[in-house]
Amino acid sequence: MDLSIEVILSILETDLLTYISAGLMIMLDLLILAIGVIYLVFGFIFGTRKSLRRALSFIIPFIIFLCSIDLITKLIANGDISLFVSFFEPVEGTITLKQLGTQFLAEYLYNGNLEVADSSKILEFAEAIFITALRMAIYIAGLLVITFGVAPFIRFITWLTYRVQIKGQPKRKMRWSSRVAGMGIASLRYILLLFIFIIPMYG
């Protein structure tokens, strides 16, 4: 059976995309595994006390953030952006971020058909999408701030306090039990981080 060049190219393209996708998934798995090994190594080096301090420096701010994310989303969504909008077009009254985002989504989903986009059901649907997207963006931004800002700052403060407390005292040798416990804490922390960063992908 003769195959045309277009069919052959189509088959090759499909196979190539499959191999690339499989290769990327393998690389992602290897990356996750490598980071997990690094966490275990650092847990072994730091021991129980330091590993626990590093874990709590992230977990406590994250729990506080998670409990307040709905309030943060509400405050941002209802924030007055009339001054910002006035730079682009005349504004009458107050315009919130939620109103602007909802109207934009409604018009985008229905190709600029204002009559359809202004119906109450469509606006409710667009508002739900906007709030969900805004909440996810706040969640990701909060994770980045906690991971690279709040947690390192807390670790620095606790480390500084600890150094002041033990100043002048002889350095104690770390026990193997402390190192093994540190590896356990580090592995649990890594599993928790994986779960936390995967949450936005699944809503």
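## A predicted all-helix chain

Glu127 has a relative accessible area of 32%, so it counts as partly exposed. Glu127 forms a salt bridge with Lys98, and the closest N and O atoms of the two are 3.9 Å apart. Because Glu127 lies in helix H5 and Lys98 in helix H3, the pair ties together parts that are 29 residues apart in sequence. Lys98 is itself partly exposed, at 23% relative accessibility.

**Salt bridges**

How many salt bridges does a search of the whole structure find? The search finds 2. Besides the pair of Glu127 and Lys98, there is a salt bridge between the side chains of Asp70 and Arg135, with an N to O distance of 3.0 Å. Asp70 is in helix H1 and Arg135 in helix H5, so this pair links distant parts of the chain, 65 residues apart. Arg135 has a relative accessibility of 35% and therefore counts as partly exposed. As a general point, side chains of opposite charge can pair when their charged atoms come close.

**The chain as a whole**

The chain contains 6 helices and 0 strands. Read along the sequence, its pattern is α-α-α-α-α-α. Of its 203 residues, 23% count as buried. The chain exposes about 15,100 Å², and carbon and sulfur atoms supply 71% of that area. Among contacts between residues at least 6 apart in sequence, 70% join residues at least 24 apart.

The average pLDDT of the chain is 76, and 72% of the residues score at least 70.

**The largest nonpolar core**

The largest nonpolar core has 20 residues, and those touching the most other members are Phe58, Phe62, Phe65, Tyr139, Leu143 and Ile196. Elements giving two or more residues to this core are H1, helix H3 (97–109), helix H5 (120–165) and helix H6 (176–202). H5 supplies the largest share, 9 residues. In soluble globular proteins, nonpolar side chains tend to be buried together.

Phe65 touches Ile72, Ile138, Tyr139, Gly142, Leu143 and Ile146. Ile196, which lies in helix H6, touches Phe58, Phe62, Tyr139 and Leu143. Is Ile196 buried or exposed? Its relative accessible area is 1%, so Ile196 is buried. The C-alpha atoms of Ile196 and Ile140 are separated by 9.8 Å, although the two residues are 56 residues apart along the chain.

**Other buried positions**

Arg189 also has its place in helix H6. This arginine counts as buried because its relative accessibility is 15%, and buried means under 20%. Not counting residues up to four places away in sequence, Arg189 touches Tyr39, Arg54, Ala55 and Arg155.

Gly36 lies in helix H1. With a relative accessible area of 12%, Gly36 is buried. Gly36 and Ser187 are 151 residues apart in sequence, yet their C-alpha atoms are 7.1 Å apart in space.

Ile26, Leu30, Leu33, Val37, Ile38, Val41, Phe42 and Ile45 make a nonpolar surface patch of about 750 Å². One of them, Val41, lies in helix H1. Val41 has a relative accessibility of 42% and so counts as partly exposed.

**Accessibility side by side**

The table gathers the relative accessibility of the residues discussed above.

| Residue | Relative accessibility | Class |
|---|---|---|
| Ile196 | 1% | buried |
| Gly36 | 12% | buried |
| Arg189 | 15% | buried |
| Lys98 | 23% | partly exposed |
| Glu127 | 32% | partly exposed |
| Arg135 | 35% | partly exposed |
| Val41 | 42% | partly exposed |

Note on methods. Residues are numbered from 1 along each chain as its sequence is written. This is a predicted model: local features need pLDDT of at least 70, side-chain atom pairs count only at pLDDT 80 or more; totals for chains, interfaces and linings use all residues. Side-chain values use heavy atoms; hydrogens and water are left out. Patches are made of residues with over 30% relative accessible area and no salt bridge: like charges are joined within 9 Å, nonpolar side chains (Val, Leu, Ile, Met, Phe, Trp, Tyr) within 5 Å. Accessible areas come from the Shrake-Rupley method with a 1.4 Å probe; for residues, only the protein chains shown count as cover. A salt bridge is a side-chain nitrogen of Lys or Arg within 4 Å of a carboxyl oxygen of Asp or Glu. Helices (H or I, at least four residues) and strands (E, at least two) are DSSP runs, numbered from the N terminus. Buried means under 20% relative accessible area, exposed over 50%, partly exposed in between (1.4 Å probe, protein chains only). A nonpolar core is a set of buried Ala, Val, Leu, Ile, Met, Phe, Trp, Tyr and Cys residues joined through side-chain atoms within 4.5 Å. Contact means heavy atoms within 4.5 Å. pLDDT is the predictor's confidence in each residue, from 0 to 100.
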